[in-house]
Amino acid sequence: MEQTFIMIKPDGVQRGLIGDIICRFEKKGFYLKAMKFMNVEKSFAQKHYADLSALPFFPKLVDYIISGPVVAMVWEGKDVVLTGRRIIGATRPWEAAPGTIRGDYAVEVSRNVIHGSDSVENGQKEIALWFPGGLAE
Ligand code: ATP
Ligand code: MG
């Protein structure tokens, strides 16, 4: 079954949105396969967003991700990568439709509450990075 990597970013954790976010994925019908609460190191955040390393906002993005604890999750279900991105909403919160997580809870692109894998392949890479010990059966 398809899997995706979802991370609640530090602002989402600080603002008390963990329960609401999990609820949205559960109610949709997805299955929570793994979850952990953690602080990430700078080098780890740089690895997670390595594809964006040439962009001007990259240092700020890394500092944001390491600014507090995050919730790392693996969600499973039919078309969960694409559907998960639709539940999350557009990258820029002002373009995210109301009813999406970013559409409901964010105003700044640099504090947009949540990350979701953008392809099945990247999802598998991110799951391997964040859950190096594998997932429990
Ligand atoms: P994510 O990978 O976090 O799920 P995304 O796939 O919607 O987000 P990406 O293009 O991968 O968007 O960008 C990663 C993150 O970088 C965005 O979620 C956002 O927090 C940040 N970001 C993107 N564009 C900007 C920008 N212009 N200024 C500041 N931060 C930005
Ligand atoms: Mg992305």
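I looked up the largest pocket and found a volume of about 740 Å³, taken as the space filled by probe spheres set on grid points joined across faces, edges and corners. A pocket here is an open set of points on a 1 Å grid over the protein atoms alone, where a 1.4 Å probe fits, with protein on both sides within 12 Å along at least five of seven lines, and lining residues have an atom within 4 Å of a point. The model is predicted, local features need pLDDT of at least 70, and side-chain atom pairs count only at pLDDT 80 or more, while totals for chains, interfaces and linings use all residues. Residues are numbered from 1 along each chain, ligands are numbered from 1 in the order written, and side-chain values use heavy atoms, without hydrogens and water.

I then read the lining, which has 26 residues, with His-48, Tyr-49, Leu-52, Leu-61 and His-115 nearest the pocket centre. Among the elements giving two or more residues to this lining are α3 (42–48) and β4 (114–116), whereas α7 gives the most, with four residues.

Which molecule takes the space of the largest pocket? I found ligand 1 there, where sitting in a pocket requires more than half of a molecule's atoms within 2 Å of its grid points.

Finally I checked polar contacts (N or O pairs within 3.5 Å). A polar side-chain atom of Thr-91 lies 2.5 Å from an oxygen atom of ligand 1, and for Arg-85 the corresponding distance to a ligand oxygen is 2.7 Å.

Terms used:
A polar contact is a pair of N or O atoms within 3.5 Å; within protein, one must be able to donate a hydrogen and the other to accept it, and residues adjacent in sequence count only if both atoms are side-chain atoms.
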